Amino acid sequence: MSAWGDRLARSWTDLYTRGLPVVTAERRREEIRSDLFEHAACVGSSAAQQINVLGRVLWGIPADLSWRRAARAPQARRLDTGEPMTLRKTSFVLAAIAALFNVWAGIGVWIGVGGEEGSDAGGARYGVPLLLAAAVIAYGVWCRAGAPRRSTILIVAGAAAPMVILYWMAPIFVPAWVLISGVTIASEPGRRASAPATT
Amino acid sequence: MRRKRGQLLDLEAQILAVAVEALAGDPPEVHGFALAKRLADREDSQRLTSHGTLYKALARLEDAGLLSSRWEGHEVAEDAGRPRRRLYRVTGAGQTALVDHVSASTLSPRAAALGRGMEPA
């Protein structure tokens, strides 16, 4: 059975290669499979090695997304709305979950903290920004088709709210934010990319 | 990152240097993870280059004609009980680009270390 870090790396690779030409996508997936195998064969599949794999995945996300944009460019020139629906749906579902979480946490913190301390001000200080962040995400989803870039910025910013406001729970929220941001950026409608950089 | 056309990034130069070293081996090629490992060894570091950064750089070098690559045979991989490796080999243009990079960065100790004993094909 493969380890969790390897599974995460493979899932992420499957996600960002989705919708690319089959040959390009399959080559990247096979290279990552080989890399993960060699890595485990070299140092063993311990928890430390899996954390190392996780780090390699997370640090590489910007490069992966940039590579995807470049790999998609020829397709995008032919078909502006070539993004697969599955990625868009995933993006929509994640944004909806983030917005609903902000609403739930915002109301919960507002009522909970206010109730415990006997003051509405304490809860409102955390609750209101979370509710506003939910509204920002909702607006971002609503304007996705008309203003893709603005939509991406709003969703990414709104999803960052729990991480900033409830900062003591950042270890939980940071990976979720990275995932939402990655999917939102990758699925931006009509995203056009520059040609791959050459030396 | 914006840069001048023809200019190598530090990572790209290091990849080419490892690929040049691999020319002496059998096969005279290197696969992705081995590259990451050797890059870390050169830096005396435990930290391996991220997947995204490494494979994007490899694709860029290949697009520029500085590396060539091929899949190893299915039989070889099956016999060894592992996934197929993508094998990279530095081209003559890659060796020249590395030497040019080292010459242009003579003030950099790292670049000088990369270039020791290297001659274009």
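This is a chat about the predicted model above, its two chains and how they touch.

Q: Before we start, what kind of model is this, and what pLDDT do local features need?
A: This is a predicted model: local features need pLDDT of at least 70, side-chain atom pairs count only at pLDDT 80 or more, and totals for chains, interfaces and linings use all residues. Residues are numbered from 1 along each chain as its sequence is written, while chains are lettered from A and ligands numbered from 1 in the order in which they are written.

Q: Great. What's the secondary structure of chain A?
A: Chain A has 7 helices and 0 strands, giving the pattern α-α-α-α-α-α-α along the sequence. Helices (H or I, at least four residues) and strands (E, at least two) are DSSP runs, numbered from the N terminus.

Q: And how much of chain A is buried?
A: Of its 199 residues, 33% are buried. Buried means that 20 or more other C-beta atoms lie within 10 Å of the residue's own; exposed means 12 or fewer, and partly exposed is in between, with C-beta atoms placed from the backbone.

Q: Which residues touch the most other members of the largest nonpolar core?
A: Those are Ala95(A), Ala98(A), Leu130(A), Ile137(A) and Ile155(A), in a core of 31 residues. Each of α1 (4-16), α2, α3, α4 (85-117), α5 (120-142), α6 (148-165) and α7 (170-186) of chain A supplies at least two residues of this core. A nonpolar core here is a set of buried Ala, Val, Leu, Ile, Met, Phe, Trp, Tyr and Cys residues joined through C-beta atoms within 7 Å.

Q: What does Ile155(A) contact, leaving aside neighbours within four places in sequence?
A: Ile155(A) is in contact with Ala95(A), Ile137(A), Gly140(A), Val141(A) and Thr184(A). Contact means that the C-beta atoms of two residues, placed from the backbone, lie within 7 Å.

Q: Switching to the chain A and chain B contact: how many residues does it take from each?
A: The contact takes 27 residues from chain A and 26 residues from chain B. On the chain A side, α2 (22-43) and α3 (47-78) each supply at least two residues.

Q: What comes after α3(B)?
A: Gly65(B) follows, with a positive phi near 80°.

Q: What about strands in chain B, in what order do they sit?
A: There are 3 strands in an open antiparallel sheet, in the order β1-β3-β2. β1 (30-31) and β2 (67-71) of chain B stand at the edges with a single partner strand each, so one side of each has no neighbour in the sheet. Strands pair if DSSP finds at least two bridges between them; β2(B) and β3 (residues 86-90) of chain B have 5 bridges, and Ser69(B) stands opposite Tyr88(B) in β3(B).

Q: Where's the cis peptide bond?
A: It joins Asp26(B) and Pro27(B), with omega about 5°. Pro27(B) is in the loop between α1 (10-22) and β1 of chain B.

Q: Last one: is Asp44(B) exposed or buried?
A: Asp44(B) counts as exposed, because it has 6 C-beta neighbours inside 10 Å. Its phi is positive, near 55°, in a residue other than glycine, and its place is in the loop between α2 (32-42) and α3 of chain B.
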